[in-house]
Amino acid sequence: MRKFDWLLYVTALGLIVFVLFAQGDHADAPEAPPTVLEADGPTLPPPSPFDEQILIQVDAPKNGIGTAFAVNRKGQWITARHVVDGCDSVGLLVAPGQYVPVDSVTLDADHDLALISTGRSPNPVELDLATPLRIGSKGYHVGYPQGRPGEVATRLMSRSNLITRGRRENSEPILAWAEFGRTRGLDGTLGGISGGPVFDAQGRVRGVIVAESPRRGRIYTTAPDSVEAFLTRLNISPEDGPAEAFDEETYGPRSDNARRLLQVVKVACKVKP
């Protein structure tokens, strides 16, 4: 074989070996994380047995603070079940230092949801429990973390499954949101925001806050169809109230407006010693 032919053969063989090694390295390397936080991501898939599981331990009831929001003008409010379950008395903060006692509390046996009934609720939120959610959609969580007004901005990540143990044994589908912002002065735990709403960019409520994972920067809410099923079972008719668009620059003032209009209120639970 001529010298020129040998050079071509060696060069070709080298290229083949390089390609094979490159493919092998790529196969062994960890896959790049999926870009699940794009604003225009895919539609949220249905619940799956492979969804992440979140374990919550529910202990004996004790005094505490949570959040609720009005669903109509008839004095009917939604909160998380664990905020009011086992309370001897429940009150809603409607003015500085002024709590209104509730007439009744109805617990959802299947989900971390509860209905609070009072005499009136002047300004309900606007619910949207039917429009499909998309991965990466922005959510704005409003309430009373640490007992003070506060809000968190997130993006929808995925579905999860909430496993409850302790005083209550249950399993239910929920949604996982990744935190990317908070209003100034809100640090640490978000305890007290449970029961509050998550607003979408159009100012419509898409779910109820039920858990947080501070270490992972996650907030968990009920799935919209869980809220819809609960309201339907109780024959509750939602009404649309004032709705303002939320974005990364204005979600602080928009949240303040929702609290000022008493669309979103603080819940106080008292347990007898």
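View A. Helices here are DSSP runs of H or I with at least four residues, strands are E runs of at least two, and both are numbered from the N terminus. This is a predicted model, where local features need pLDDT of at least 70, side-chain atom pairs count only at pLDDT 80 or more, and totals for chains, interfaces and linings use all residues. Residues are numbered from 1 along each chain as its sequence is written, and side-chain values use heavy atoms, leaving out hydrogens and water. Helix 3 spans residues 224–233, and P224, S226, V227, F230 and L231 are buried in it (under 20% relative accessible area, 1.4 Å probe, protein chains only). Those buried residues fall within an arc of 165° seen down the axis, so they line one face of helix 3 (the arc is taken from the directions from the helix axis to the C-beta atoms).

**View B. Helix 4 and the strands it packs against.** In helix 4 (residues 251–260), the buried set is Y251, G252, S255, A258 and R259. They span an arc of only 120° around the axis, which puts them on the same side of helix 4. Their packing partners include strand 9 (138–143) and strand 15 (264–270). After helix 4 comes L262, again with a positive phi near 60°.

**View C. The largest nonpolar core.** Of its 23 residues, V84, I116 and V267 touch the most other members (a nonpolar core is a set of buried Ala, Val, Leu, Ile, Met, Phe, Trp, Tyr and Cys residues joined through side-chain atoms within 4.5 Å). Strand 15 gives the most to this core, with 3 residues.

Key:
Buried < 20%, exposed > 50% of the residue type's maximum accessible area, 1.4 Å probe, protein only. Contact = heavy atoms within 4.5 Å.
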